[in-house]
Structure formats: structure tokens, C-alpha cells
Amino acid sequence: MKRKTNYAVVVVGGGHAGLEAALISHKRGVKTLLVSMDKKSVGRTSCNPAIGGLAKGQMVKEVDVLGGIMGFFADMSTLQSKTLNMSKGRSVWSPRSQIDKKLYEKIAQQHAKAVGLDVFEGEVVGLNIKKNRVCGVKLKGGDEISCNAVVLTCGTFLNGLIHIGKKQIHAGRYGEERSKGITEFLNSIGLTSGRLKTGTPPRIKKSSVNWGAGEEDFGDKNPKPLSYRTKNFKPKDEPCFSFRTKKETHEMILENLHSSAMYSGKSMAKGPRYCPSIEDKVYKFKQNPSHLLQLEPEWTRSEQIYVNGFSTSLSEDVQLKCLQTVSGLERVEFIRPGYAIEYDFFHPSQLKNTLESKAIDGLFLAGQINGTSGYEEASSQGIIAGINASCFVLNEKPLVLKREDAYIGVLIDDLILKDTNEPYRMFTSRAEYRLQLRSSNADQRLLKYAKEYNLLNDETIETLLHKIEKTEQLVKKLNETSIKPVEINERLAFLGENEIKESQKISNILKRPPLTIKDFKIKNTRSKLLNNFMEDEILFEAETLIKYSGYINRQQEEIDKIKVYEEMIIPNNFNYNEIKSISNESREKFINIKPQTVGQAQRINGIRPSDISILLVYLRRPFHVKQK
Ligand SMILES: Cc1cc2nc3c(=O)[nH]c(=O)nc-3n(C[C@H](O)[C@H](O)[C@H](O)COP(=O)(O)OP(=O)(O)OC[C@H]3O[C@@H](n4cnc5c(N)ncnc54)[C@H](O)[C@@H]3O)c2cc1C
């Protein structure tokens, strides 16, 4: 007999997207079920043992303020922590943690259990839809679960196909079944999918490496946590080791390109341009005499080592031979080979900015299924899809983050408007307002949403409000307090700066590049509510706000100027066919993507400014052109 159960929200998939979505929906008091093909793999990090990094560290902190768990779990399982990009402007400094993957997974599963989230092991093969509204999921075996909203986060599992040289294996990840049914079902109701590809390097035996030949690489002396909820952060600081490929490695790869799934002439889906395979790097950048390989432990005292930089789909024997040309890896042994995986994704232009499908009410998609690559991108979409699925069932206004609010806003806006034909990864350069999107001000940017949507507990909200208030007070103090020449000239001279002749406001002097807030004896009383990391971040943020005030204010003016277009709604039933004078290319794109605002319409790739002007004329008419 077929079993039927009832939930408000069903989240399909227990990767980073699914876990965030299910936990936040559950936290908001909505009856939520997480269905995943393998209970033991919930919270699994598929590839590299690290969370954060360029632009990604910022996203983890944003997810954290929105009540997500990625940063907190990463802090609890950190092996080594570093702030990247410190040679560049401080707005793009990005925290990154090497993590113990096994511990992360364990903490994730224990947490789900502790908070009482229902987790069910099963494979979803289709959805129940009535009158364009989702009302349940169908499981392999025939059981059904009825619900009011579904979040699909199937990652690389939909019709996943692994390539290792000429060998092909149907799988969602190495050693895990692929999923079949969802793509076919969604295609049958008109949603369009495509194929993408990603790859992973071999895992090698620790005992087979001559570690003395590598260069040891430790984390920061004063590591900073990714989560505002972390009170004590003292990671182990386990080292990674750098090795380098050499001429022989490259010659061997080029000689054996025919054994690579990607270069053997078979047509393959597109992979991430910015995470190329080793064969891509060697073939496309022949001028480079060597490439960096970072050997990273996958967990504490791990015998399994991740070879960062050597993602490949060469045949297993060639992978091994090539790695053995690297000094220090002459005797290297595999635990498992590297591989490429092709999988189905759904074109994200079919989604609203809430991550809900435009065609099916109550159906949300998040993570790699939307064509992205990366844990942080997945977790960012997961938290938004989870919040909005719960809003959907509670009949509340959905949460939409703007590009100036967060990298998460940039991510979703890019996905739905620019669509994607290659895996989308976040970069700081994708955010035009990146000066505003610092990892150190995620709380200032997003706490209002956490309060509005009830995403954090009262204690965390109170703490963060206090922190923000203290930062504002400190900025005010720096702007209002004067300093006498006698108090600062010695320091200025030491730093090679011109001395001052009369008293000046501290903020004026602090704007000089070599000076930091610590050069001024500011009495900033410590607060019992805040931990040391928060106190440090207050100093850092206040200093940043003073040093960059000119740029930040200018950027704010730009944001204010375009606000009017962001708020100008294009009705759902707007009939673009009635506008005679726009180009056919723009018309086609408007009809396909259905932008929700004029701001969105402007950002669609290839839309002419003149067509926007015409659109504005029509929108300003007393009655809009209606869809027939
Ligand atoms: C081989 C490989 C290499 C990668 N390399 C990189 C890299 O170099 N850099 C990078 O940033 N990112 C990389 N990634 C991507 C990164 O791992 C993912 O982007 C991210 O983990 C995706 O998270 P997700 O939650 O969307 O999906 P996943 O983590 O893939 O999780 C999907 C979940 O859905 C479940 N599921 C799937 N279908 C069903 C179904 N029908 N019913 C029930 N449950 C289902 C699965 O069991 C799983 O729990 C790689 C991924 C893989 C697999």
C-alpha cells in the first residue's frame, strides 16, 4: 500500500543548499521534511575541504546573519583559517577555512537531529502538481508526501555521469547513486534543463608523500571565525603543503590528452572556466612552466589527502603517472582517482528573484541544480529558498535581497537575468557595489532582515545590534574628536608622514593610508556582550568607514539614483508584443525572462538602453499594455 504523509515544506537534497533550506524553514516554525537519497551523506562537502574564500567568505557571513549554519559548522570543524586577498583593498578581504569534512558532516547531522528536523531517506522521482501549484513529491517505490511547497536541491545528482578517462559511471558523486526522474518530470511540464560539468582531483595516501619536498603553509596567527555565533575560535592550524608540477608532468599530460574524457573528442557539457582541470591548464596555458598543487588534509589525522589544483578526467593510470613526476610525489598512491561529472541543471531564468519557479507556484530551486558551482553559492541559495518556501506557506512577503544588500543578492540577480551556460561561481568582481559588501559589515547590511523574518534568536540579535551601535558610536567619536600635534606627530614622523601643525579631527588623519585606529589612543570600552572577535571587528569596521568614507558615500549616491528603477514594477501580464518600436532581440528576452522590475530589465544581457527608454514610456502610460 502506498504511504502518504503531510508536510508544509519538503526539501529534496541534503547538501549545503538543502540543509540550509530545511533548517531555516524548520526554525521558522514550519513543518518541514528533508528528503535525501542517503541519510549518512547529509551535510557532505563534495569536493575540496574548505569553506569561504574570495567573495565566498563574504557569502558565508551573510548566510550566518540570515540564520544559516554554514559558518558556524565550519568554525567548529576548522583545521586552518586565513584571510585571503589582504594585498588588495579591504572590501575584498575574504575569510577562508580549511575544514575537517568528516567532522562538518557529523556536526550537521547531529544538529539536524538535535533541533528536531525530520529527515527521511528516499529518492524523489516526481512532483504532484495541481493547477500550476505544487502539492507533493513522489518517491521511488510509489510513496507520496503531500506538502504546500517543495525546494529542490539535487546538486550534481540529476542523471549524473562520471568520467574517468574513457570509463563512464552513472553516479551523483563518487560512490553515490545518481537520481533519475526529476529532470524528466520537470521537462514534461515545460521547464527547460541543460547539462553542465565539474571535476575533482584524486585523493592520495598521506603515507605515500615525501612531505619534506613540499612547502609548509599555515593559517593566520590571529584567525577569525566565520560565524558571529562562535565565541571561542582556536583552530588547530594544521598545515597544507605546496608542490609544483614540472615540465615532465606537462609533457606527459599533453602526450596522454587522448585519454582525457574532455579531450578525447567526445562532446561534453561545459565546465567551470575558473576551476579548470589540469589538462585544461597545461593545454591552454602552455607558457606556464609549472602549476601549483596544494595538498590539503581532508580531516584531522587524515590518511586521505586532497590534491587541490589537479582536477582531472584523465584515465586513472595516466593521472597517477603524471602526479608521480612531481618532486615529492614519486611514490604517490591513490585512494581514489580524480573525475569529471556531467549532470542536469535547470536554467535559472525560469525562477523569480525569490527562487520560486515562475511557472509552478510553491516550487523553489536552489544550489547546483540552478547551474552554480560551490558550497557557498549553494548555501546562499538554500537559505533564501528555505526562507521563501516558509514565507509561501505562511502567506508572508518573500525575502528578496538586492545587489547592494549582499553578494547573495548579486548571485540570485545574475542567475535569473543572465542565465548561465557554464557553472556560475561568485567573484568579488561580479558585485558592482563591492565596497559596501564587506565581510566585516554583513551584520550591518542584513540584521534588519534577520529581525523581520525571525531568523536569529533574541540573544544573537541583541548582541549584533549592540555591536552595530558601538561601531556607529566609535565612528562618531573619530569624526568629532580632535588630536593635538604633540599627541600624534611622533607617530606620523615614524610612518614617514607629514606632521600636523595644529589640532585636527582624528578621522582626517586616519584617512592617511599608513595610519590605523591603533595609532590613536581611543578609549573604546569593552562590552560584556561582545567577544574579542567582535570587538576587533568594531575597530576594523570603524577604521574602514572612515578611510573609505568618500568612496562609500559616492557608491551610496549611485545606489540611490538607480533605486527608482529597482522599484518600478513591470506587471506580470505586460504584453511586450504591443510595443512596436523595440528590437526583436530585446522583445524575445523580455518575454522569456519576464523581468519583474525595470532595474532587472536593464541588467538582462544584450538589452539596448534605447529599448529601456521605450519600455519606460509604455510603463508610464495610465494603463499598461496587457497580455492577451
Ligand atoms: C565532483 C565534484 C567536484 C566539484 N568541484 C568543485 C570545485 O572545484 N569548486 C567548487 O566550488 N565546487 C565544486 N563542486 C561543487 C560543490 O560541491 C557543489 O556546488 C555544492 O556542494 C552543491 O551543493 P548542493 O546542495 O546544490 O548539492 P549537493 O551537495 O550535490 O547535494 C545534493 C543532495 O541532493 C540529494 N539528492 C539528489 N537528488 C535527489 C533526489 N531525487 N531525491 C532525494 N535526494 C536527492 C543528494 O543525495 C545530496 O544530498 C564539485 C562537486 C562535485 C560533485
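The legends below describe a predicted model, first as a whole and then in close-up. Local features need pLDDT of at least 70 and side-chain atom pairs count only at pLDDT 80 or more, while totals for chains, interfaces and linings use all residues. Residues are numbered from 1 along each chain as its sequence is written, and side-chain values use heavy atoms, with hydrogens and water left out.

Figure 1. Helices (H or I, at least four residues) and strands (E, at least two) are DSSP runs, numbered from the N terminus. The C-alpha trace spans about 85 × 75 × 50 Å along its principal axes. Of the 628 residues, 59% count as buried (under 20% relative accessible area; exposed is over 50% and partly exposed is in between, with a 1.4 Å probe and protein chains only). Among contacts (heavy atoms within 4.5 Å) with a separation of 6 or more, 73% come from residues 24 or more positions apart.

**Figure 2. Glu-123 and Lys-140 form a salt bridge.** The term stands for a side-chain nitrogen of Lys or Arg within 4 Å of a carboxyl oxygen of Asp or Glu. In this pair the N to O distance is 3.5 Å. Glu-123 lies in the loop between strand S7 (118–121) and strand S8 (124–130), and Lys-140, 17 residues apart from it, in the loop between strand S9 (133–139) and strand S10 (144–146). Glu-123 is buried at 12% relative accessible area, whereas Lys-140 is exposed at 59%. A search of the whole structure finds 38 salt bridges.

**Figure 3. Lys-352 and Glu-356 are joined by a salt bridge.** Their closest N and O atoms are 3.3 Å apart. Glu-356 is buried, with a relative accessible area of 7%; Lys-352 is partly exposed, at 22%.

**Figure 4. A salt bridge connects Glu-535 with Lys-470.** The closest N and O atoms of the two residues are 3.3 Å apart. The pair links distant parts of the chain, with Glu-535 in helix H15 (residues 532–547) and Lys-470 in helix H12 (residues 458–480), 65 residues apart. Both Glu-535 and Lys-470 are buried.

**Figure 5. Helix H11 (residues 442–452) contains buried residues.** They are Ala-442, Asp-443, Arg-445, Leu-446, Leu-447, Tyr-449 and Ala-450. Their cover includes helix H2 (56–65), helix H10 (407–418) and H12. After H11 comes Asn-454, which has a positive phi, near 60 degrees.

**Figure 6. Asn-159 sits in the loop between strand S11 (149–152) and strand S12 (161–164).** Asn-159 is buried, at 11% relative accessibility. Leaving out residues up to four places away in sequence, Asn-159 touches Arg-178, Ser-179, Lys-180, Thr-183, Glu-184, Arg-195, Glu-342, Tyr-343 and Asp-344. Between the C-alpha atoms of Asn-159 and Ile-569, 410 residues apart along the chain, the separation is 38 Å.
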